[in-house]
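Reader: I have a new chain to read and would like a guided tour. Where do we start?
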Amino acid sequence: MCKNSCLYGYFYTFAKRLLKANSYELSVVSNITSFFRGLTSRSVSSEDIERAVNEVLSDVPTAQIEVNQNTSLAITTVWACVTLLSESVGILPIHLYKKTPSGRSLVKAHSGLQVLNFPNHKAALTRMDLLQHLMVGATLWGNGYAQIVRDKKSQEPVSLILLHPNDVEPQVSEEGFLFYEVKGKKISADDMIHIRGLVTDGYKGKSPIAVHRENLLLTLQVQSYGEKFFSKGGNTEGMFTIPGELKEDAFNRLKKDITSQYSGMTNAHKPMLLEGGLKYERLNIPPEDAQFLGTRKFQKSEIASIYRVPPHMVGDLERATYSNIEQQSQEFVTYCLMPYLVKIEQQLNYKLLPVEQMGKYYFKFALGGLLRADSKSRSEYYKNMNFIGCLNANEIRAMEELNSYEGGDEFFVQQNMMTVDNAIKAMDNSNEPNKQQPTTEPTQEPTTEGEAGE
């Protein structure tokens, strides 16, 4: 009994020092002491103490990092991908065209084009604000929304209202019609611009953040670990051991000295002076053994692959070269941006154009700026297209954002070129057997001196 009581008293004092006075920690102390109160008929072994501590500490809740659309932006790669995609789409010019027998013509006056360029005068929204909002919603929540406000008489669009993805819920009626519920109100699908991410049910896109929550949680935990590690001056967690028992005053003084003199960035790498047989032992794995930097680099590549963004565009230049960066930039437009651009174009064609104009008018992004190669490659392309009469000078100047000039609308071809039919006819004529062949040296009649003198 004496041995049990002594151990109980010692451990209770230790627990009170280790755990501070909040409600949960007091319950931990209560659980520990109740365990030792039950040990009245047998001796306390080291295994008993270890089991008691493990049982109690296993119930201690760890601080959970919440992963959602807002907290994920704290991850630099997520921020870079979302910013890159939304701003890349936002800066692209978008035009309205009308199909003509000879091709197409640019439309400059149209209600749908007007509301696209000036979405909402009251909110001072620009076209870039609209497109960026739709892309942020699609890349974080999997859905970007903008409500169309129409004129009651003409039903032409007059403005757009940006909606938060959490406030909108796509639903399907019993008759199979799609509509959107926004804060208790039902809005027709014709009056909602909806840019979806990956869709599995045909109506609502899936959030990349929700699908890859565990992957992003690992990244946040690595960041949190790094913040705690460096905030402590690069010192990892450990424990102090002493052969005997410290009195209350000595314990408080030692704790105060260690906290004030050896913790934090300002006290990093100071030599630690220990007294009274006190020893320090590091408990956790050092960052180099835990592959801290390797994990951060791997997570950056993982997140970039979620959004199909080339690594060099989010700051990962480890495998980048001059040649493959240009190729990856082209792939970024083709495989990453193009699916979003097509979705936006189709939504605008379906929602901002009257029914009688569908198929005759269409919106189209101008990708010339993003698809431009280097100056040498562009020069060779323009030269070849001009030689075969495909592009004239003014068309080439327009692609380079230059003004046209008089006479630049003429098309030219090389003079020594001919059609295939004419080439075949020329070969047939040269192979005819009865055709008079010219002599190599024409004959000349002799002349007299008089004739020559004349």
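**Reading the sheets, helices and pairs**

Author: β3 and β4 run antiparallel and pair over six bridges. Pairing of two strands takes at least two DSSP bridges between them. Strands (E, at least two residues) and helices (H or I, at least four) are DSSP runs, numbered from the N terminus. One example of a bridge is Ala 146, whose partner in β4 is Leu 162.

Reader: What kind of model is this, and how are residues numbered?

Author: This is a predicted model, so local features need pLDDT of at least 70 and side-chain atom pairs count only at pLDDT 80 or more, while totals for chains, interfaces and linings use all residues. Residues are numbered from 1 along each chain as its sequence is written, and side-chain values use heavy atoms, with hydrogens and water left out.

Reader: In what order do the strands of the sheet with β3 and β4 lie?

Author: The order is β4-β3-β8, in an open sheet of three strands with antiparallel pairing. β4 (157–163) and β8 are the edge strands, each pairing on one side only. From one strand to the next, the twist averages 25 degrees. Axes here are lines fitted to C-alpha atoms, for helices over the stretch in contact; angles run from 0 to 180 degrees between N-to-C directions.

Reader: Which helix packs on that sheet?

Author: Helix α6 (residues 127–140) does, and it touches β3, β4 and β8. Contact means heavy atoms within 4.5 Å. The direction of α6 makes about 140 degrees with that of β3.

Reader: What is the order of the strands in the sheet that holds β11?

Author: That open sheet has three strands, ordered β2-β1-β11, and its pairing is antiparallel. Neighbouring strands are turned by 40 degrees against each other on average, direction ignored. β1 (residues 94–100) pairs with β11 over five bridges, in the antiparallel sense. Look for Leu 96: Phe 363 in β11 stands opposite.

Reader: Now charges. How many salt bridges are there?

Author: First the idea. Side chains of opposite charge can pair when their charged atoms come close. The cut-off is a side-chain nitrogen of Lys or Arg within 4 Å of a carboxyl oxygen of Asp or Glu. By this rule the count is two.

Reader: Where are the partners Asp 191 and Arg 150 placed in the chain?

Author: Their side chains meet at 2.6 Å, N to O. Asp 191 is in the loop between β7 (185–188) and β8 (192–196), and Arg 150 is in strand β3 (residues 143–150). The pair is 41 residues apart and links distant parts of the chain. For accessibility, buried means under 20% relative accessible area, exposed over 50%, and partly exposed in between (1.4 Å probe, protein chains only). Asp 191 is partly exposed at 22%. Arg 150 is partly exposed, with 22%.

Reader: And the other salt bridge?

Author: Lys 204 and Glu 169 meet through their side chains at 3.1 Å, N to O. Lys 204 sits in the loop between β8 and α7 (208–211), and Glu 169 in strand β5 (residues 168–172), so the pair ties together parts 35 residues apart in sequence. Lys 204 has 30% relative accessibility and counts as partly exposed. Glu 169 is partly exposed at 34%.

Reader: How do I read the span of helix α4?

Author: Compare it with the expected span, which is 1.5 Å times one less than the number of residues. Helix α4 (residues 76–90) has 15 residues and reaches 21 Å from first C-alpha to last, close to the 21 Å expected. Its buried residues include Cys 81, Leu 84, Leu 85 and Val 89.

Reader: What about backbone angles?

Author: Most residues other than glycine have a negative phi. Ala 124 is not a glycine, yet its phi is positive, about 55 degrees. Ala 124 lies in the loop between α5 (111–117) and α6. Its relative accessible area of 58% makes Ala 124 exposed. Lys 183 also has a positive phi, about 50 degrees, without being a glycine. Lys 183 is in the loop between β6 (178–182) and β7, and is exposed at 69%.

Reader: How many helices and strands does the protein chain have?

Author: The protein chain has 16 helices and eleven strands. Of its 454 residues, 31% count as buried.
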